[in-house]
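My entries follow in the order in which I made them.

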Amino acid sequence: MDTNSTEKASMIWPTLIYDDAPAAIKFLKAIGFTEAIVVTNEDDSLVIEHCQLRWPEGGGVMLGTANRSGNEFSQRPTGCGAVYVVTADPDAVFVRAVAAGASEFRAMEDQDYGGRGGTLTDAEGNLWSFGDYKGE
């Protein structure tokens with residue numbers, strides 16, 4: 001970001017809900033996200049109440065276990081999220097994600113609008129796009 005710019009740093013945190021949140025955390029860490037915080041349910045450690053994972057090049061994602069009592073966000077459908085992650089090497093992240101169990105949704109390719117990117121589907125159907133296009 002230009003130091004003379006009046007723009008603020010992006011602080012957007014996409015949030016996803018998973019039936020198997022521990023597996024989602026394992027997958028995301030395998031492709032390069034780092035754990036900031038994971039809060040498990042005091043009665044069941046497989047239930048993730050809140051999780052924040054950071055992307056090493058900036059930004060992050062939050063996630064939790066679906067259908068938690070008293071949490072209206074967790075009542076939303078699983079597998080319908082879509083996240084775009086900016087990275088300097090989208091091809092390498094794409095390969096890591098496939099090796100970690102993701103399925104190709106859209107192949108890596110040079111985009112008309114600039115940059116290179118591709119999209120994968122995680123185990124629960126969420127779309128993860130990786131590209132080097134940073135936007136205008």
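**Entry 1: Y84**

I began with Y84, which touches S129, F130, G131, D132 and Y133, leaving out residues up to four places away in sequence. Contact here means heavy atoms within 4.5 Å. Y84 sits in strand β5. I looked up its accessibility next: the value is 40%, so Y84 counts as partly exposed. The classes are buried (under 20% relative accessible area), exposed (over 50%) and partly exposed in between, with a 1.4 Å probe and protein chains only. I also checked Y84 against G117: they are 33 residues apart in sequence, and their C-alpha atoms are 9.5 Å apart in space.

**Entry 2: What kind of model this is**

I noted that the model is predicted, so local features need pLDDT of at least 70 and side-chain atom pairs count only at pLDDT 80 or more, while totals for chains, interfaces and linings use all residues. Residues are numbered from 1 along each chain as its sequence is written, and side-chain values use heavy atoms, with hydrogens and water left out.

**Entry 3: The whole chain**

I found 2 helices and 8 strands in the protein chain. Helices (H or I, at least four residues) and strands (E, at least two) are DSSP runs, numbered from the N terminus. Along the sequence they follow the pattern β-α-β-β-β-β-α-β-β-β. The C-alpha trace spans about 45 × 35 × 25 Å along its principal axes. Buried residues make up 33% of the 136 residues. Of the contacts between residues at least 6 apart in sequence, 51% join residues at least 24 apart.

**Entry 4: The open sheet**

In what order do the 4 strands of the open sheet stand? I read the order as β1-β4-β3-β2, with mixed pairing. Two strands pair if DSSP finds at least two bridges between them. β1 (15-18) and β2 (34-40) are at the edges, and each has a single partner strand, so one side of each has no neighbour in the sheet. From one strand to the next the twist averages 20°. β1 pairs with β4 (residues 60-65) in the parallel sense over 4 bridges. I picked out I17, whose bridge partner in β4 is G64.

Helix α1 (residues 21-30) packs on this sheet and touches β1, β2, β3 (48-54) and β4; its direction makes about 5° with that of β3. Axes are lines fitted to C-alpha atoms, for helices over the stretch in contact, and angles run from 0 to 180 degrees between N-to-C directions.

I listed the buried residues of α1 as A21, A24, I25, F27 and L28. They cover an arc of only 165° around the axis, which puts them on the same side of α1. The arc is that of the directions from the helix axis to the C-beta atoms. Among the elements that cover these residues are β2, α2 and β8.

In α2 (residues 90-99), I found P90, V93, F94 and A97 buried. Seen down the axis, they fall within an arc of 105°, so they line one face of α2. V95 and A99, on the other side of α2, are exposed. The buried residues of α2 pack against α1, β6 (103-110), β7 (116-121) and β8 (127-131).

**Entry 5: The core**

Which residues touch the most other members of the largest nonpolar core? I noted L28, F33, L53, L63 and W128, out of 25 residues. Such a core is a set of buried Ala, Val, Leu, Ile, Met, Phe, Trp, Tyr and Cys residues joined through side-chain atoms within 4.5 Å. The largest share, 5 residues, comes from α1.

**Entry 6: A hairpin and a loop**

β6 and β7 run antiparallel and are joined by 5 bridges. R106 has T119 in β7 as its bridge partner. Their hairpin has 5 residues between the strands, and G114 takes a positive phi near 110° there.

My last stop was N67, in the loop between β4 and β5. Its phi is near 60°, a positive value in a residue other than glycine. Is N67 buried or exposed? At 53% relative accessibility, N67 counts as exposed.
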